[in-house]
Amino acid sequence: MAQSVLWSLKRSVAAVGIIAIAAGAQAQTSSPPADAPQPPQNGTPAQEVAPPSAQETPQREAQNLAPDAMLPAPPTGAPTVTTSPTTGPAIGSGPASVADLAEGLLDAVVNISTSQSVGGAGAGPQAPQTPDGSPFEEFFDEFFDGDGSQGGNQKVNSLGSGFVIDPSGFVVTNNHVIEDADDIEVVFPDGSKLKAALVGTDPKTDLSVLKVEPPAPLKAVRFGDSRHMRIGDWVMAIGNPFGLGGSVTVGIISARGRNINAGPYDNFIQTDAAINKGNSGGPLFNMKGEVIGINTAIISPSGGSIGIGFAVPTELAQNIVNQLIEFGETRRGWLGVRIQPVTDEVAESLGLDSVRGALVSGVVKGGPVDDGSIRAGDVILTFDGVPVREMRDLPRVVAESPVGKAVDVTVLRDGKEETVKVTLGRLEDSPSAEDAEEGVTPEGEEPMPDGGEQGEDQNGEAEQGPAVALGMTIAPLDDERRAEFGIDDSVEGVVITDVQDGSAAAVKGLKRGDVIVEVAQDFVDSPTAVTDRIDALKAEGRRNVHLMIADPTGALRFVAVPLE
């Protein structure tokens, strides 16, 4: 029994050797309290106690124990301390490093240096403010206008960013970086420079493609799919802010689908990764090293980054870049309609279950849908299977579609959904084609009655007099009133001759000289037709009346006016 206890104690001593030694050292400097229990002097019969070993003797002497006394049991519940060797002072660990990712991408990101001759002084980008005598003062003056004290024509330099997408030398940047430049130079991370030729540019999306002729294949990066990116995903920007090439910043995607009124196809990625002047045209990477955006704009009262930057997503940019490389220009699909937003009032007046879609306010004469497949007053709900959630979705999805493609378009017409097949035309880069302000004629009009003056029927002259409705005075559109308000001969309907201040019509922006073409999608050609249709809508319990309005030139819009 004693032998068994002794071996057990040996194992315990070995397991807590560090603690036992520390306890022994403490025992040499302090004595136990008077009331502390003393170890037994004769804990077991003599014949059962084994003689102490050579390893136990020092421990007995340190604790003033008799040779035949039992060693006290080790403390119960003593903590076990495990340490690992260190080669230096301990440091806190931060977020995962992006050094390896950045190292593999830096060589594909370039600086874009442009110059142009301008008349007068101070016409180019202005250098950031620096204290007098700052070491950066001369550095910035090299690239910016400086003090602009020289008169006459002068060479103005500016800087931006870009990235190589093909080893043969194709480089992507922003249109505003190279716009109106006389000379374009691409500066690589190793300091080498190559003259660049402009392959193509697209001001509507602010994208351009350049071409250099390298002596050897270049390091290139590839496009990723920005549609897979989510708010909160990490991104990394590399660029040339204020001429400081090769700058790397990291942040997250703050928002998607931002409209900053920069162009007709706004669909920006918003990021808080630091983007400053000179970052324009540089890439925004995902954590796979794929380009998912082209840094384009910032919001900043000071001109520096405040964490609100915008990038063109690759879901839009990649198709534009491919077209510029292949054709030297963009070739966008074109539907040939004018549209306006669907408001709450318009949705209610048309019987829509929610505010969605794009309201067709006019059709371009000679355009792809001038055959009546889509009419003024239709609400386009889906295009080629893509839901149109709001008006600005439609121009973008149409522009991204191939020219000549036959697509299905779902419209709401007369309170019912219909699907029509249309073949897209090509959007020409001209104001008349893009804005579609001219040649717009309402579709689906009822033919004018045969014989007699406009608006005249079996009720005789009664319909020819003015009437009052919704705070408006309305009258037949005859030659005298056409001349008075300068209304084009192509415009038909009922003219508004006066609008009462503070009325529902005035609040909605209706004014003298506007022409009511339709009421609730029914063509009207007399004041009585207008008032009768409004009375019918009131009897049905409608809260708004949906009006098609033409201005004197014939441009159409839809207005939902509350029924009084």
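In the predicted model, Val186 has Leu194 of strand 5 as its bridge partner. The pairing of strand 4 (residues 183–187) with strand 5 (residues 193–195) is antiparallel and extends over 3 bridges. These two strands form a hairpin in which 5 residues lie between them. Within the turn, Gly191 adopts a positive phi of about 95°.

The largest nonpolar core comprises 31 residues, among which Phe163 and Phe285 touch the most other members. At least two residues of this core are supplied by each of helix 4 (99–103), strand 2 (154–166), strand 3 (170–174), strand 7 (207–211), strand 8 (234–239), strand 12 (291–298), strand 13 (309–313) and helix 7 (314–327). Of these elements, helix 7 gives the most, with 5 residues. When residues up to four places away in sequence are not counted, Phe285 touches Leu105, Val109, Val221, Trp234, Val235, Met236, Ile238, Glu290, Val291 and Ile292.

Helix 7 consists of 14 residues, and the distance from its first C-alpha to its last is 19 Å, close to the 20 Å expected at 1.5 Å a residue. Its buried residues are Thr314, Leu316, Ala317, Ile320, Val321, Gln323 and Leu324. After helix 7 comes Gly328, with a positive phi near 80°.

Asn295 is buried, with a relative accessible area of 0%. Leaving aside neighbours within four places in sequence, Asn295 is in contact with Asn174, Ala237, Ile275, Asn279, Ser280, Gly281, Gly282, Pro283, Leu284, Phe310 and Ala311. Met287, by contrast, is partly exposed, at a relative accessible area of 37%. With neighbours within four places in sequence again left aside, the contacts of Met287 are Val98, Leu101, Trp234, Val235 and Met236. The C-alpha atoms of Met287 and Ala102 are 9.7 Å apart in space, although 185 residues separate the two in sequence.

Helix 13 (residues 527–539) contains 13 residues and reaches 19 Å from its first C-alpha to its last, close to the 18 Å expected at 1.5 Å a residue. Pro527, Val530, Thr531, Ile534 and Leu537 are its buried residues. Viewed down the axis of helix 13, these buried residues fall within an arc of 125° and therefore line one face of the helix. An α-helix has 3.6 residues a turn, so residues three or four places apart point the same way. The buried residues of helix 13 pack against strand 23 (467–469), strand 24 (472–476), strand 25 (494–499), strand 26 (515–519) and strand 28 (544–550). Gly541, which has a positive phi near 85°, follows helix 13.

The mean pLDDT of the protein chain is 76, with 70% of its residues reaching 70 or more. The pLDDT is below 50 over residues 39–50, a stretch with 11 contacts in the model beyond near neighbours in sequence. Residues 121–125 also have pLDDT below 50, and this stretch has 15 such contacts.

Conventions:
Residues are numbered from 1 along each chain as its sequence is written. This is a predicted model: local features need pLDDT of at least 70, side-chain atom pairs count only at pLDDT 80 or more; totals for chains, interfaces and linings use all residues. Side-chain values use heavy atoms; hydrogens and water are left out. A nonpolar core is a set of buried Ala, Val, Leu, Ile, Met, Phe, Trp, Tyr and Cys residues joined through side-chain atoms within 4.5 Å. Buried means under 20% relative accessible area, exposed over 50%, partly exposed in between (1.4 Å probe, protein chains only). Helices (H or I, at least four residues) and strands (E, at least two) are DSSP runs, numbered from the N terminus. Contact means heavy atoms within 4.5 Å. The expected span of a helix is 1.5 Å times one less than its number of residues. Two strands pair if DSSP finds at least two bridges between them. The arc is that of the directions from the helix axis to the C-beta atoms. pLDDT is the predictor's confidence in each residue, from 0 to 100.
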